[in-house]
Amino acid sequence: MPVSPSVSAPAPAATSSAWRWWQWLLLVLAVLVGAAAVAVLTLDSWLRPLLEKQVATQSKGQYELRIGNLRTRLAAGSISLRNVHLRSNAARQAATDSAARLPEARLDVGRLDIAGIGLWQLIKREVVPVKYLGVDSLCVRLTSVLPTSSASDSVPLHKQLPLGLAGLRLNRVVLQRLQGAYHPRNAPDSMTLRQLDVRLHDVLVSAEGAADRHRLGYANGMDIVLLGGSIAAFKHCLNLGGMRFSLQKHQLQLDSLLVQPRLSLRVPKTTYARIDLLLPRVEVAGLRIRRLLRRHRLKADTLRVVLPRLALDPPTITPEPLHELLKPWLGQIELRHLALTKGSLYVAGLPQKPNVQNINLVANELCIDSASAGAPGRLYYARNWLVDTGPATALLDGPYYRVAYQRVHLETLKRRLHLRNLRLQPKFATSELSRRKGYQAPNVTLLVPDLDIQGFDFPALIRRRQLVVRQVELRNAVLQTRGDGRFPLNPKRSVATPDMIGRLPFRVDIRRLSVYKGTFYSQYRAPLNPVRGRFAFTDFDITLRNISNDPRRMSRTSPATGYASALLQNRCRITARLSANLLDPSGYHLLTGQLGAASLHILNPMTVESTNLLFKSGEVQNIRFQMGINRRRSWGTVWAQYSDLKVAILAAPTNDNRKNIKTRLLTGVVNLVVRNKNPRGGELKPGTINSDRNLNTSVFTIWQHGLTSGLLNSVGIPAKMSKSLSE
């Protein structure tokens, strides 16, 4: 049956039209896929020159960027860069005005990786999440002076983000093997970082992150490790062996911190301070680093310093207080506990050159600011200082004496100072010391095994230059003096007088000073006798009260008083009492005392060598004396009770101490004149004290001269001769 043409004709037309529609659809899809494939394949090669051009444009040709390798992965939202180098264009920088000139810099990055970029948030310009940002082997070198900061530098980072992004949230940031160097030409300052590793956690670069008080630099967590660094500034060089910081643990640790002056401490004194400091280990716990960076206030729980060593040369100009020196960088330093262990200190710039070893120091509630500097409850900014040191030495009286101690303990809150084995020793022999000074200089040696000071008002000493002490105790002290009469007397007025305390330029108030079981030795070489005269006081106990130049405490009715008891030549007990108004301009004071029973032979070691007087026999039952002294003379009375007195006048030592005719006649005359006993069948004959005072000698000299004149007069020698012989 034949097919009707009217029914079968339209079918080919419908089939052809449907094919063309799908063909176009497939073609469009193929083009889109192809275009996307081409874009992905060409993005790396397009983006790399774009970044290099962008750097050149932004820096106006002063910097050139070269990227060795760049690779992107859109599906993973990641980008990687290798061998990135930034260089300065010297020609373009030279042609640029100095105000717009950028620093000469060189930057090298071995590797930079960014992963997990939120592309959808990036398109919408929201806070873009980034899982990881890593920089490895970054090296920065600056060879020109950095420009001063401008107003644009204070714009926060989150307001400078590109593309108008609302922010960045980086889950983890790792910066490894960072190095840096700042060595500007023709400038003394420089800085070097050998290796720095930084790890940041949960970094939110946005307005919200900047306002979060629990973050530091937008980061919620931070760990920093520095391996080696140095800084040269302020005429010193600082080297740091290592540093570790943890934001979560609030801990900072420094290792091998060394500060040295560019000019050695051996060079004579300069106008500025020079510091040679070594800190092998510094540990800070409880560090509020956010407060430090935002408010310039350092607050921590504990600062520990182990084995510090400090040598310094203080400036010739008195520096400002510590809080004023730190004010440009730190408005306040607050430490709950400061501990310094086994330190050492040497001050090279002072004439005394103090050197202290094994310093152990603890300070509680230390606050360095202007309010705490003069606070009543603080001393040197702390509530309490506890100091223990080992051996220390210093020079005294120029180069002539060395003072040292074995140990010191100080506690300001308990107002106590305790020293062990305090020593004062001359550096020269007696004759050499006098020859160097040009006059009779006493050669003094002092040893105090135990010195204890209680009730020490440390704030009064530091702030008002007042020495206020409740009690001073010295135990088992040994004092030895040596003199040489071949030299002239000291042309200067002696300071060893009671009234000198009243003329001191600062306040002194010592309520009680006690010496227990002390010993005093004295040697003196007469001008014509090479053999030294000797005498000693042993078992020495002294108590002095009200040693003060405060007018409220010192007066004629409230004088300084003293009591002393000792064994003369280790045989004769002697006691004495002193009363002195230390503010009396005439220097008047009263000395009374008593000597017990003894043989006069004990005086020969002193009298034979100094006055050629020998006591051949004589027994003392009792001697009492009362003597007044002022700045001109001494006067008073001696009551000497003795028996069987015989003396001899010896010849000059050039005749080997053999009596010649003159000394024999003089001895006979003296024995006829002197009383061989007192009393002699009647009343006790007193002796008159009369001796002129030389203010160039110490008060002990006028005491000795006065007592000698009274003793000589009490045995029958005329007063005028007694006065002459005593002086």
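Here are some worked exercises on this structure, which is a predicted model.

**Exercise 1. Work out which residues of helix 9 are buried, and what they pack against.**

Step 1: Find the helix. Helix 9 covers residues 430-437, and its buried residues are T430, L433 and S434.

Step 2: Look down the axis. The buried residues of helix 9 fall within an arc of 95°, so they line one face of the helix.

Step 3: The buried residues of helix 9 pack against strand 19 (401-405), strand 22 (443-454), strand 25 (478-484) and strand 27 (532-548).

Step 4: Check what follows the helix. Next comes G438, and its phi is positive, near 85°.

**Exercise 2. Now try helix 15: which residues are buried, and which are exposed on the other side?**

Step 1: Pick out the buried residues. In helix 15 (residues 719-726), these are S722, K723 and S726.

Step 2: Check the arc. Down the axis of helix 15, the buried residues fall within 100°, so they line one face of the helix.

Step 3: Find the cover. Strand 34 and helix 14 (699-714) are among the elements that cover the buried residues of helix 15.

**Exercise 3. Find out how many aromatic pairs the structure has, then sort two of them by geometry.**

Step 1: Count. A search of the whole structure turns up 9 aromatic pairs.

Step 2: Take Y400 and F428. Their rings are 6.3 Å apart, centre to centre, with 65° between the planes, and the pair is edge-to-face. The cut-off behind that label is an angle over 60 degrees.

Step 3: Y400 is in the loop between strand 18 (392-396) and strand 19, while F428 is in the loop between strand 21 (416-426) and helix 9. They are 28 residues apart, and the pair links distant parts of the chain. Both Y400 and F428 are buried.

Step 4: Now take F456 and F458. This pair is stacked, at 4.4 Å centre to centre and 5° between the planes. F456 and F458 are both buried.

Step 5: Look for a group. F520, F535, F537 and F540 form one aromatic cluster.

**Exercise 4. Trace the salt bridges of D539: which residues does D539 pair with, and where do they lie?**

Step 1: Start with the total. The structure holds 34 salt bridges.

Step 2: Take the bridge to K517. The closest N and O atoms of D539 and K517 are 3.1 Å apart. D539 lies in strand 27 and K517 in strand 26 (residues 507-525), so this pair ties together parts that are 22 residues apart in sequence.

Step 3: Take the bridge to R573. The side chains of D539 and R573 meet at 2.9 Å, N to O. R573 is in strand 29 (residues 572-580), 34 residues from D539, and the pair links distant parts of the chain.

Step 4: D539 is partly exposed at 24% relative accessibility. K517 is partly exposed at 48%, and R573 is partly exposed at 33%.

Step 5: Look for a network elsewhere. Salt bridges that share partners join R169, D202, D212 and R215 into one network.

**Exercise 5. Describe the surroundings of P686.**

Step 1: Locate P686. This residue is in the loop between helix 13 (661-673) and strand 34 (687-692).

Step 2: With a relative accessible area of 41%, P686 is partly exposed.

Step 3: List the contacts. Leaving out residues up to four places away in sequence, P686 touches T637, V638, W639, N713 and S714.

Conventions:
Residues numbered from 1 in each chain as written. Predicted model: local features only at pLDDT ≥ 70, side-chain atom pairs only at ≥ 80, totals over all residues. Heavy atoms only, no water. Helix = DSSP H or I, 4+ residues; strand = E, 2+ residues; numbered from the N terminus. Buried < 20%, exposed > 50% of the residue type's maximum accessible area, 1.4 Å probe, protein only. Contact = heavy atoms within 4.5 Å. Arc of directions from axis to C-beta. Phe/Tyr/Trp six-rings, centres within 6.5 Å; stacked < 30°, edge-to-face > 60°. Salt bridge = Lys/Arg side-chain N within 4 Å of Asp/Glu carboxyl O.
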